[in-house]
Amino acid sequence: VTSENISVPSAQTYRYGASVSIDFTSIGTRAGYTFSGWNNGSITYTSAGTASFNMGLADVTLSAVWTANTNTPYKIQYLFQNVNCDASATPSLSDYVTDSDNYPIAMKYGTTGESPVVTPDSVTGFNLSSVNPMDSSITINGDGSTVVNVYYDRIKKTVNYNANQTGVTAPASQTYLYGQTVNLDFSIADDKPGYSFNGWKDQSTNEVYTSTSTLTMSTSNISL
């Protein structure tokens, strides 16, 4: 019998040939498992089947047989890279937060001792983290304490600037995480002769951004 505060029946002494009635009631319980019987190395004795034997010449040691439960609970927790992270830095575990409103902790059920089944959702603006992947070594604890953390990284996209005039220097490209506020660069060098620089136009939407505009990084690169 393994540990986990499991009690076993006391050893008993029998004469040769005596009928031994096996004790199936004093084993106690084991979290996440069901007691299935006693095994002597070749025969498994159960309360519903063979429940006794005749004592032979040798001592008999019976080992408990435990069947893993298939309805043991475990939890899946979804964690998302914080929007305030530096887009150029590698995220650490402390850079992830939960989103309990949209992705609450999910309760699942599986077989004790086996790997939990996790089917990650596809989340707009995020990819499953390659830096902090799920721990593939996790197994389901019998006491229901297993928590599987699923980490999502924000996708990175780029803001590209085009001065739209030969000889005029556009700002360098900028990289942002999905959902971050874009700080547009208005430090364009040298105005176009005969014109005043008024802002940047999105080449996809034709929306014009000025120094007072607000822009949030979406799932696509932005060309201005």
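Analyst: A residue counts as buried when its relative accessible area is under 20%, as exposed when that area is over 50%, and as partly exposed in between, using a 1.4 Å probe and protein chains only. By that rule, 31% of the 224 residues of the chain are buried. The model is a predicted one, in which local features need pLDDT of at least 70 and side-chain atom pairs count only at pLDDT 80 or more, while totals for chains, interfaces and linings use all residues. Residues are numbered from 1 along each chain as its sequence is written, and side-chain values use heavy atoms, with hydrogens and water left out.

Some overall values come before the close look. The chain has 15 strands and 0 helices; both are DSSP runs numbered from the N terminus, helices being H or I of at least four residues and strands E of at least two. The C-alpha trace spans about 115 × 30 × 25 Å along its principal axes. The radius of gyration of the chain is 33 Å, whereas a compact globule of 224 residues would have one near 17 Å. That radius is taken over C-alpha atoms, and the globule rule is 2.2 Å times the number of residues to the power 0.38.

Contact here means heavy atoms within 4.5 Å. Of the contacts between residues at least 6 apart in sequence, 63% join residues at least 24 apart.

Gly-37 counts as buried because its relative accessibility is 0%. Trp-38 is also buried, since its relative accessible area is 5%. Leaving aside neighbours within four places in sequence, Gly-37 is in contact with Phe-24, Tyr-45, Ser-63, Ala-64 and Val-65. Asp-23 is 14 residues from Gly-37 in sequence, and their C-alpha atoms are 9.5 Å apart. For Trp-38, the C-alpha atom is separated by 5.6 Å from that of Leu-62, 24 residues away along the chain.

Ile-22 sits in the loop between β1 (19-21) and β2. With a relative accessibility of 11%, Ile-22 counts as buried. Not counting residues up to four places away in sequence, Ile-22 touches Trp-38, Tyr-45, Ala-51, Ser-52, Phe-53 and Leu-62. Among these, Ser-52 is 30 residues from Ile-22 in sequence, with 5.6 Å between their C-alpha atoms.

Tyr-176 is found in strand β12, residues 174-177. Tyr-176 counts as buried because its relative accessibility is 10%. Its contacts, not counting residues up to four places away in sequence, are Ala-87, Ile-155, Lys-156, Lys-157, Val-159, Thr-181, Val-182, Asn-183 and Met-217. Asp-86 is 90 residues from Tyr-176 in sequence, yet 8.2 Å away in space, C-alpha to C-alpha.

A nonpolar core is a set of buried Ala, Val, Leu, Ile, Met, Phe, Trp, Tyr and Cys residues joined through side-chain atoms within 4.5 Å. The largest such core has 14 residues, and those with the most contacts inside it are Val-159, Val-182, Leu-184 and Leu-224. Apart from that core lies another, of 13 residues, including Ile-138, Ile-140, Val-148 and Val-150. Val-159 itself, leaving out residues up to four places away in sequence, touches Ser-173, Gln-174, Tyr-176, Val-182, Leu-184, Met-217, Ile-222 and Leu-224.

One backbone detail remains. Asn-206 lies in the loop between β13 (200-201) and β14 (208-209). Most residues other than glycine have a negative phi. Asn-206 is not a glycine, but its phi is positive, at about 70 degrees.
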